[in-house]
Amino acid sequence: MDGMNARKVLSLVGIVAIAVVFTLQFGPGSTGFGSGRGPVVPSAVAVVNGKEIPLRDFSRVYAGQLNSLRNRGVPIPESYARQSLPSQVMDQLVTRELLSQAAERHGINPSDDELRKLIHENADFHKDGQFNFEQYKRALRDYYRTTEPKYEEELRRQLAAQKMLQVVNSGAVVSDDEVRARYEKDANQAKVVFARFLPTMYAAQVPAPTPAQLEEFRKAHNDEISTYYESNRFMYQQAERAKARQILVKLAPDAAAQQKAEAKSRAEALHKEVTEGGKDFATVARERSEDPGTKASGGDLGWVERASLEPTLAEAVFALAPNGVSQPIETKLGWHVVKVEEKQAAQDKKLEEAAPEIATTLYKQQKAKELAKAAAEKALASLKGGQTLQQLFPPEKEGQPALQRFETETRPEAVETGSFTAGGESVPYLGLAPALSTAAFSAPGPQVLDQVFPLSEGFVVAQVTERVKPSDETFTQKKDELREQTRRAKQIEMTESFLKALRETGTVVENNEAIQTIVGAS
């Protein structure tokens, strides 16, 4: 089963388990309804086809899942806790309600025996390892904060939702032709070694154009120059900028007068060190600055514009000449000593002014692309002569190409893909590469692919190192396994289609304000 289907199966398992999971996960030790996590807002968290989902349901599910992650020691980014997890919980609750309503419309009603079995299996209601009726009543009262009739009614609806999914999935019947088609796709495999030839790898080899070359290029590429200018206008309309460093003496907003005076005195002493004392500004910043964001880089602020600085700081910085150092400047953060290393005046270049610069850029890009293509064609000729990509372009370090280390490629390197199937047009580490994929699966066996493949801005040469083709013998051996995989894949598709239809034909109104009330209190 490929990665996509594996993810879909996990999704299906999660959907099928919704009814039971929501029922079982809230008991002794969980947050419960009365967790003290903030006031309960007397409203619904959502309304699904007129049926309210109580805010307390969202509260307990959200808190239960959050606590479960915390108890397992899973790091929880704030963005996940505040955005992703609430969205997931809301989707689960809405899905459960839609399925419950669908089950009711289809006359699906779990039996008393099924309900009793699920209740008896819940460890929250056990005493000495066995179901205990008194413990059942106590847990409902103290932890679930509900009554027996309400709990059992909701549990019955959740079981009905699960049965509704089972009914949907029961229609997933696959034919022999479907099984065979899946096999033909998954069993048709190839391994490839490739090398990329990118213009950026050859840019340094391109000399600057002569005036005559540049003028000729401008005349032939006037439209491209104009388009480039319009797409990158921000580069030619720039505010006044300064490249600066700073040393900061921090000061709390509520600092007393004595603390302010001491901070100013320290800033003045630092100013004296880098002016009269002749000490290197960056070194002093690394050693003495109290700004954690710039301390390690020697106080480097990079290129700054007036709008990015506080007015008092901006006024002082842009009054300095290059290599000038400011007197201590007070802001809400403390006292700053700033050095300006370079300055750039504001600019608003028109197309005619920018054209020579743009023409030079495009000229170099074109020449670098031509060099990349020539290098790829030379490599292809060497492959046809009997050499391999591994011999021609071994990885630069650690036996692993930069592409697989997710680092910038500075030269061509041989990259091995591992096995991939003919089911799509992508090639591992290259992404969408339909021409290369088609050529690889057209090869009867290991061989050099007899062309240079344009891909994105660069070029690729490749050789097939292994081909596995479908066979009747292998199909017979794997037929039962493939049938089950195909059936499960169809179940996923049917479930997704059914849930999509429920949402499209239903009415779901979410109360985002109420959701944020719970999330903010957690």
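Modeller: A residue counts as buried under 20% relative accessible area, as exposed over 50%, and as partly exposed in between, with a 1.4 Å probe and protein chains only. This is a predicted model, in which local features need pLDDT of at least 70 and side-chain atom pairs count only at pLDDT 80 or more, while totals for chains, interfaces and linings use all residues. Residues are numbered from 1 along each chain as its sequence is written, and side-chain values use heavy atoms, with hydrogens and water left out.

Colleague: What is the radius of gyration of the protein chain?

Modeller: The secondary structure comes to 18 helices and 20 strands, where helices (H or I, at least four residues) and strands (E, at least two) are DSSP runs numbered from the N terminus. The globule rule, 2.2 Å times the number of residues to the power 0.38, is compared with a radius taken over C-alpha atoms. For 522 residues the rule gives 24 Å, and the protein chain lies well over that, so it is more spread out than a compact globule, with a radius of gyration of 34 Å.

Colleague: What percentage of the contacts in the protein chain with a separation of 6 or more comes from residues 24 or more positions apart?

Modeller: Buried residues make up 40% of the 522 residues in the protein chain. Contact means heavy atoms within 4.5 Å. Among contacts with a separation of 6 or more, the share from residues 24 or more positions apart is 71%.

Colleague: On which face of α18 do the exposed residues lie, and which residues are they?

Modeller: Helix α18 (residues 512–521) has A514, I515, I518 and V519 as its buried residues. They cover an arc of only 135° around the axis, which puts them on the same side of α18; the arc is that of the directions from the helix axis to the C-beta atoms. An α-helix has 3.6 residues a turn, so residues three or four places apart point the same way. The face of α18 turned away from the buried side carries the exposed residues E513 and G520.

Colleague: Which elements do the buried residues of α16 pack against?

Modeller: Helix α16 spans residues 434–442, and its buried residues are L436, S437, A439, A440 and F441. The elements that these buried residues pack against are β5 (189–197), β14 (420–421), β15 (426–427), β18 (453–455) and β19 (458–468).

Colleague: Leaving aside its neighbours within four places in sequence, which residues is K51 in contact with?

Modeller: K51 is found in strand β2 (residues 51–54) and, at 34% relative accessibility, counts as partly exposed. The C-alpha atoms of K51 and Y202, which are 151 residues apart along the chain, are separated by 64 Å. Beyond the neighbours within four places in sequence, K51 is in contact with A46, E97, Q101 and R157.

Colleague: Is L118 buried or exposed?

Modeller: L118 lies in helix α5 (residues 112–121), and its C-alpha atom is separated by 23 Å from that of I53, 65 residues away along the chain. With a relative accessible area of 9%, L118 is buried.

Colleague: What is the value that phi of R145 is near?

Modeller: Most residues other than glycine have a negative phi, and most peptide bonds are trans. N49, in the loop between β1 and β2, has a positive phi near 50°. R145 lies in the loop between α6 (133–144) and α7 (148–169) and is partly exposed, with a relative accessible area of 47%. Phi of R145 is positive too, near 55°.
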